[in-house]
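Biologist: I have the sequence and the coordinates open side by side. Can you walk me through them?

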Amino acid sequence: MNFGKFFLFIALTIKASLAISQDKPNIVWITSEDNSIHYMDLYTKNGIATPNISELAEKGVVFKHAFSNGAVCSVARTTLFSGQYANKTGTQYHRAITKSSFPNQVNMFPWYLQRAGYHTSNNAKKDYNVNALEGWDVSSSKADWRDRKPNQPFFHVRNFHTTHEGKLHFTKEQQLSQKTQADLSKVSLFPMFPDTPTFRYTHAKYQDLHVKLDDQIGAFIDELKQESLMEDTIIFYFGDHGGVLPRSKGYVYQTGVHVPLVVYIPKKWQHIIDAKQGSRIDGFVSFVDFAPTLLHLAGADIPKHMDGQAFLGKGVSVKELNKRDQTYSYADRFDEKYDLVRSLRKGNFSYIRNYQSFNINGLFNEYRFRMLAYQEWNELYQQNKLTTQQKLFFEPKPPEALYDLKNDPFELNNLANNPHYAEKLKELRTNLDTKLRSLPDLSFIPESELFSNLSVSPTEYGKKHSKHILRLMDIASLSLKSYQSIKSELHDALTSKDALERYWALITCSNFGTIALENLSLIKEMSRLDSSNLVRLRAIEYLALFTDNYPRHLIQAIVNNAENEIELLLILNSLALIKQTQGKSIVIELNDIPEAWLNRKGPGIVERIEFLRE
């Protein structure tokens, strides 16, 4: 055997293999927490300068319309890394009390990148609502790309916590003693906020954090430059969802979901991007699109289960991309605060559907209300010192809302009842319904019901029970019609043998409010005798919100009968709503609540109980 030729063959084979590896770009994600487009001069006239991010933009592209589908961390990240809508996979609740699961053979996208030859590293946040094979070679606060094989392409995530909500949990003493770099007098407050020193300071403090963030991003980019990686690396910078001033994070308004997105593209890879350096792209992209985009850039196949579509790479033209003008978002439970809101933006119009319109955006949430601005806003509302638009946050919502973002960027003037916009309302309503029905949307099954004795993945459950879910959606949609036209159908749902049909029928009654009082005797009977604990809860909720016959004596029984801590959390949410909006006292005994539920950190049961006791 000619060993010289053999070793030459091996060397040439290795060299060829490395050359193939080098034909794939490195990809870096720089993620900043909790910031929308409303704070940076790259997007906003009165925004703060972020020169390092702007430098990336000059050598890349700026996406004018990038959106997080979920308005809060864990939901947004699960959507981002799965490439699937959270309310299709059961990952829409922040944070998951019971982790969801994917069907067999379904994984987070870094897993697929590994199989395409990439080294994958995450520094350092995961925060997913699902148990899944994640595909990280390394994930820690020290993770980087430096332990990859020679010439192996890498995907790296660098997450910055600098602008996170918790950074604005300062005290009154700190507000008085710690001055901001940003000029308080030049702060441009959002129109729904009262113009107070607290709100001005909070906004200015948040701008200061953006300056610090940009410095940190600059230092990180210097690392890439020092290792001569810039010409081999495509860099994404984006926010993980909206900003943290009140009515942003956790809400599907544009301040909660419209995020900055800049993609730096070196000359070496310009040929796979149909866009000129420094250009701004009008087309809509959202978090479900990121996973397929990364796989496409890596030359990997996009799994059929992913809901998004690639927005960069070979075969993706800017002309086609700019025709994309629709995005979809969702908000469900944020810690202990429940709601069910869906939104669809098409072009410059935003449509928001409030499936529990009797609920209020400003319902107390312990973590959120650590911010002085939230506390002050609530106090001013209680003192009746707010304008009509400033009060909206603490008052019941319309079942649906339509906003013209060109003239009303902060979504304060609801056009849903304006005849001039009837066709636009119908179009967006239909588009949203089509999207929800196609999933189908698992939030129409209460969280406690969905995860109780679940033998398959939520995705498989949705497929198996799609007809049932669509029937519940039909009942929920009765709220959009005149009461007289649906009262017979509503009565049928109230008397249905199906507990969840009765559950949604009662929510519909609460959406109609006092108009539905003709069902009072039936609702009273349901509050006492219904076989479903959650149906009894919704009946009690209606009575407490819209009548003087508030059945306090029935509350302890439904608390004691909660089958699990998720159900108890939903019960406590309704009780908190009753207390905050009606001023009605809530007294519950804790003797029959399992200690494990009370001692566990995370679900929010303790926070809700403490709020009820105040």
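Predicted model: local features only at pLDDT ≥ 70, side-chain atom pairs only at ≥ 80, totals over all residues.

Biologist: What is the mean pLDDT?

Modeller: The mean pLDDT, the predictor's confidence in each residue on a scale from 0 to 100, is 95 for the protein, and 96% of its residues reach 70 or more.

Biologist: And where does pLDDT stay under 50?

Modeller: That happens over residues 3-21, for which the model has five contacts beyond four places in sequence, a contact being heavy atoms within 4.5 Å.

Biologist: Now the overall build: how many helices and strands are there?

Modeller: The protein has 24 helices and 14 strands, taken as DSSP runs numbered from the N terminus, with helices being H or I of at least four residues and strands being E of at least two. The radius of gyration is 26 Å, close to the 25 Å that the globule rule gives for 614 residues, so the protein is as compact as a globular protein of that length; the radius is taken over C-alpha atoms, and the rule is 2.2 Å times the number of residues to the power 0.38.

Biologist: What share of the residues is buried?

Modeller: Buried residues make up 61% of the 614. Of the contacts with a separation of 6 or more, 73% are between residues 24 or more positions apart.

Biologist: Back to loops, then. Which residues does Val244 touch?

Modeller: Leaving aside neighbours within four places in sequence, Val244 is in contact with Asp34, Thr163, Glu165, Leu168, Tyr206, Lys249 and Met371. Val244 lies in the loop between β8 (233-239) and α8 (254-257), and it counts as buried because its relative accessible area is 2%. Its C-alpha atom is 8.5 Å from that of Thr163, although the two residues are 81 apart along the chain.

Biologist: What about Tyr43, is it buried or exposed?

Modeller: Tyr43 is buried, since its relative accessibility is 17%, and it is found in the loop between β1 (26-32) and α2 (51-58). Beyond residues up to four places away in sequence, its contacts include Val62, Phe63, Pro260 and Arg280.

Biologist: One more check on the backbone: which peptide bonds are cis?

Modeller: The bond from Asn123 to Ala124 is cis, with omega near 5°, and Ala124 is in the loop between β4 (119-123) and β5 (130-131). The bond from Leu439 to Pro440 is also cis, with omega near -15°, and Pro440 lies in the loop between α13 (422-438) and α14 (447-450).

How values were computed
Residues numbered from 1 in each chain as written. Heavy atoms only, no water. Buried < 20%, exposed > 50% of the residue type's maximum accessible area, 1.4 Å probe, protein only.
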